[in-house]
Amino acid sequence: MHAPRIDGYDAAMKFCSDCGHALSRRIPSGEDLERLICSSCERVHYVNPVIVVGCLVERDGEVLLCRRAIEPAHGKWTIPAGFLELNESMADGARRETAEEALASVEIIAPHSQLELTHIGQLHVTYRARMLSDEFAPGVESLECAFFRPEDIPWQDMAFPAGIFALRLRFEDRDSPHLHLGELRWNGEGSRFDPSNYVINEHRKMPIA
Ligand SMILES: [Zn+2]
């Protein structure tokens, strides 16, 4: 039996997008999960996981990071990444996010990691990428952008566990790249921003050029 549970994005959704009446939470007949259901037209508003795409942009052994100009995690560093748009491939989304946040034009080399964060309903997909020119600069969502050597990564000032784990996995197999799959599982306690509260469950890795 699934525990009825709705949180995250849909917590802010209160009204039916079809008719404007209030939504309530209940389990539809024939299902076993709580859903958001319109009190008037009975439409069920399903909420499903979203995909976050990003790039590990590498140049001369260094990796590109952006310092966030927006919440959450304003002022913290992270890899360029963001929500996948409709009608967009994951690789296109990763390139777009890099162009928006670091004003950098990049070429995808290979997929690097696909980490599931089930507690917030997100799949984080990252690609290894290289610069197509030397030009980069902070976009409107970034305070600054810079390339870092592995030993200089500001781990204590990094924004999100998903990006931190993607970087760690990259540095662990720098000389023999892999595609990493797994669930980045929060331990259910403590800060969701603290990577020490996470482990990778069912980690699978396969060589990739
Ligand atoms: Zn309705």
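1. Pro49 counts as partly exposed because 14 C-beta neighbours lie inside 10 Å; a residue is called buried if 20 or more other C-beta atoms lie within 10 Å of its own, exposed if 12 or fewer, and partly exposed in between, with C-beta atoms placed from the backbone. Pro49 sits in the loop between β3 and β4, and, leaving aside residues up to four places away in sequence, it touches Gly121, Gln122 and Leu123, where contact requires that the C-beta atoms, placed from the backbone, lie within 7 Å. From Pro49 to Leu169 there are 120 residues in sequence and 23 Å in space, C-alpha to C-alpha.

2. On the basis of the model: this is a predicted structure, in which local features need pLDDT of at least 70 and side-chain atom pairs count only at pLDDT 80 or more, while totals for chains, interfaces and linings use all residues. Residues are numbered from 1 along each chain as its sequence is written.

3. The chain is divided into domain 1 (9-45) and domain 2 (50-207), with bounds that come from an automatic or database domain assignment. The centres of the two domains, taken over C-alpha atoms, are separated by 34 Å, and the C-alpha trace of the chain spans about 60 × 35 × 30 Å along its principal axes.

4. The chain has two helices and twelve strands, these being DSSP runs numbered from the N terminus (helices H or I, at least four residues; strands E, at least two). Of the 209 residues, 25% count as buried, and among contacts between residues at least 6 apart in sequence, 60% join residues at least 24 apart.

5. Three strands form an open antiparallel sheet in the order β1-β2-β3, with strands taken as paired if DSSP finds at least two bridges between them. Its edge strands, β1 (23-26) and β3 (44-45), each pair on one side only. Four bridges link β1 to β2 (residues 35-38) in the antiparallel sense, and Arg26 stands opposite Arg35 in β2.

6. Strand β9 (residues 122-131) runs parallel to β4 (residues 50-59), to which nine bridges join it, and Val125 in β9 is the bridge partner of Val53. Strand β8 (residues 106-117) also pairs with β9, in the antiparallel sense and over ten bridges, with Leu117 opposite Gln122. The strands β8 and β9 form a hairpin with four residues between them, and Gly121 in the turn has a positive phi of about 65°; Gly121 and Gln122 are among the residues that Pro49 touches.

Key. Contact = placed C-beta atoms within 7 Å.
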